[in-house]
Amino acid sequence: MAPAPSLPNAYHRPTSSRGRGARGGSLVLYVFGPVFSRRLGVSLGVNNVPYKLCTYSCVYCQLGHTLRFTLERRRLSEPERILAEVAERLEKAGNVDYVTFVPDGEPLLDTALGDAVRLLRRELGVRVAVLTNGSLLWLPDARESILEADYVSVKVDAGDEETWRRVDRPHPGLGYTRVMEGLRVFAHDYTGVLATETMLVSGLNDDRRALEAVAEAVAGLGPRVAYVAAPVRPPAEPWARPPPPERLQAALEALRSRGVRAEPLAAPEPPPPPMGVDPVAYVAETIKVHPLRISYLERIAAAHGTTLQELLKAVQERLPGAKLVEFMGNKFLAYRPEPRKRNQH
Ligand code: SF4
């Protein structure tokens with residue numbers, strides 16, 4: 001049997017003051033990928049928030065449950081170190097379309113985000129994207145921190161408070177009206193590419209009334225493009241299922257009838273890790289942000305001359321909490337740490 005892939009020294013760098021506990025495991029890198037997304041093409045991911053700090057606990061979240069809600073923004077990352085890691089990874093991976101802040105939590109909880117965005121654009125000349133749930137954009141500092149990003153995607157899952165609470169399960173200190181007002185002010189001020197993302201969950205926000213209401217809310221923001229998605233990877237709640245295709249189509253039509261450019265959002269697997277990037281670290285970093293299909297891991301293992309079992313073993317040693325999960329007949333490797341570990345953040 002071929003030996004398990006080994007980790008290059010780059011992945012053993014000492015931790016910062018943020019420390020291993022703060023990152024929720026032995027992986028302390030900010031940067032992962034490249035990953036592929038329909039929206040952004042090839043992008044290098046930046047995970048600037050510890051697992052799993054969020055203002056929402058969406059029923060469909062592919063990161064599992066939010067066990068620590070917070071609205072408190074504080075410094076969670078080190079922009080200089082993010083810059084160094086991005087530069088290093090770009091050397092190996094070549095050009096990418098975007099460097100994307102897509103953490104395993106809500107990126108705007110990090111008050112260092114704005115500095116990191118500015119630093120990356122200024123020093124590396126890269127385009128920067130931020131994928132946020134948008135729930136903190138009623139705070140002027142939060143809005144200001146991402147005004148310079150080239151692309152911002154915000155979440156709009158509901159057109160009314162009750163549906164929003166059912167789907168996104170927000171922090172009790174948040175209110176729908178305030179969140180939507182923050183989104184509207186940001187949309188007005190922002191000059192980059194603004195996208196929205198609406199996740200439809202069967203039985204929660206896919207009836208005619210809910211679709212019309214969310215389409216109205218999205219149209220009010222005037223996004224460049226509005227994406228409509230459905231859960232395709234293991235969600236926090238196993239009962240969170242995608243709606244039938246005709247409901248997705250109805251959502252797209254409700255948006256288009258309001259003059260919004262609306263598109264379905266597929267979730268393809270990322271490209272295989274580029275040469276020079278260790279496959280174990282690559283898989284461990286990526287599943288902290290989204291689960292990967294086992295069939296995809298088989299391809300990675302074969303490409304690196306090892307077996308699926310050896311790759312899984314090496315990833316689970318590197319990232320305790322990596323678990324096999326089944327969803328809609330497909331097997332995935334997902335990051336599902338025990339609650340005790342999650343609460344270290
Ligand atoms: S989907 Fe995003 S906003 Fe919702 S709980 Fe997960 S990380 Fe938070």
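## Burial and overall make-up

A residue is called buried if 20 or more other C-beta atoms lie within 10 Å of its own, exposed if 12 or fewer do, and partly exposed in between, with the C-beta atoms placed from the backbone. By that definition M328 counts as exposed, because it has 11 C-beta neighbours inside 10 Å. The structure is a predicted model, in which local features need pLDDT of at least 70 and side-chain atom pairs count only at pLDDT 80 or more, while totals for chains, interfaces and linings use all residues. Residues are numbered from 1 along each chain as its sequence is written.

Of the 345 residues of the protein chain, 50% count as buried. The protein chain has 12 helices and 13 strands, these being DSSP runs numbered from the N terminus (H or I and at least four residues for helices, E and at least two for strands). Contacts are counted between residues whose C-beta atoms, placed from the backbone, lie within 7 Å; among the contacts in the protein chain with a separation of 6 or more, 77% come from residues 24 or more positions apart.

## The nonpolar core

In soluble globular proteins, nonpolar side chains tend to be buried together. A nonpolar core is here a set of buried Ala, Val, Leu, Ile, Met, Phe, Trp, Tyr and Cys residues joined through C-beta atoms within 7 Å. The largest such core contains 102 residues, of which V99, V218, V228, A251, L255, V283 and V315 touch the most other members. For V315, the residues touched are V280, V283, A284, A322 and L333, when residues up to four places away in sequence are not counted.

Helix α2 spans residues 79-93, and its 15 residues reach 20 Å from the first C-alpha to the last, close to the 21 Å expected at 1.5 Å a residue; the expected span is 1.5 Å times one less than the number of residues. Its buried residues are P79, I82, L83, V86, R89 and A93. They lie on the same side of α2, because they cover an arc of only 140° around the axis, the arc being that of the directions from the helix axis to the C-beta atoms. The cover over these buried residues includes β1 (31-37), β2 (41-46), β5 (98-101) and α3 (113-124). After α2 comes G94, with a positive phi near 80°.

Helix α3 has 12 residues and reaches 16 Å from its first C-alpha to its last, close to the expected 16 Å at 1.5 Å a residue. In α3 the buried residues are L113, G114, A116, V117 and L120, and they pack against α2, β5, β6 (128-131) and α4 (140-145). This helix is followed by G125, whose phi is also positive, near 65°.

## The ligand shell and E106

Around the ligand are C54, Y56, S57, C58, C61, L63, T66, G105, E106 and N133, where a residue is near a molecule if its C-beta atom, placed from the backbone, lies within 6 Å of it. The shell divides into five nonpolar residues, four polar and one charged; Ala, Val, Leu, Ile, Met, Phe, Trp, Tyr, Cys and Pro count as nonpolar, Asp, Glu, Lys and Arg as charged, and the others, Gly among them, as polar.

E106 is found in the loop between β5 and α3, and it counts as buried because it has 25 C-beta neighbours inside 10 Å. Not counting residues up to four places away in sequence, E106 touches V49, L53, C54, T55, T132, N133 and S135. The C-alpha atoms of E106 and K52 are separated by 8.3 Å, although these residues are 54 residues apart along the chain.

Most residues other than glycine have a negative phi, and most peptide bonds are trans. A cis peptide bond, with omega about 15°, joins G33 and P34, and P34 belongs to strand β1. M328, in the loop between β12 (322-327) and β13 (330-335), is not a glycine but has a positive phi of about 50°. R169, likewise not a glycine, has a positive phi near 45° and sits in the loop between α5 (161-168) and α6; R169 is partly exposed, with 19 other C-beta atoms within 10 Å.

Y176 lies in helix α6, which covers residues 176-189, and Y176 is partly exposed, with 19 other C-beta atoms within 10 Å. Leaving out residues up to four places away in sequence, Y176 touches E161 and W164. Its C-alpha atom is separated by 9.0 Å from that of G159, 17 residues apart from Y176 along the chain.

Terms used:
Two residues are in contact if their C-beta atoms, placed from the backbone, lie within 7 Å.
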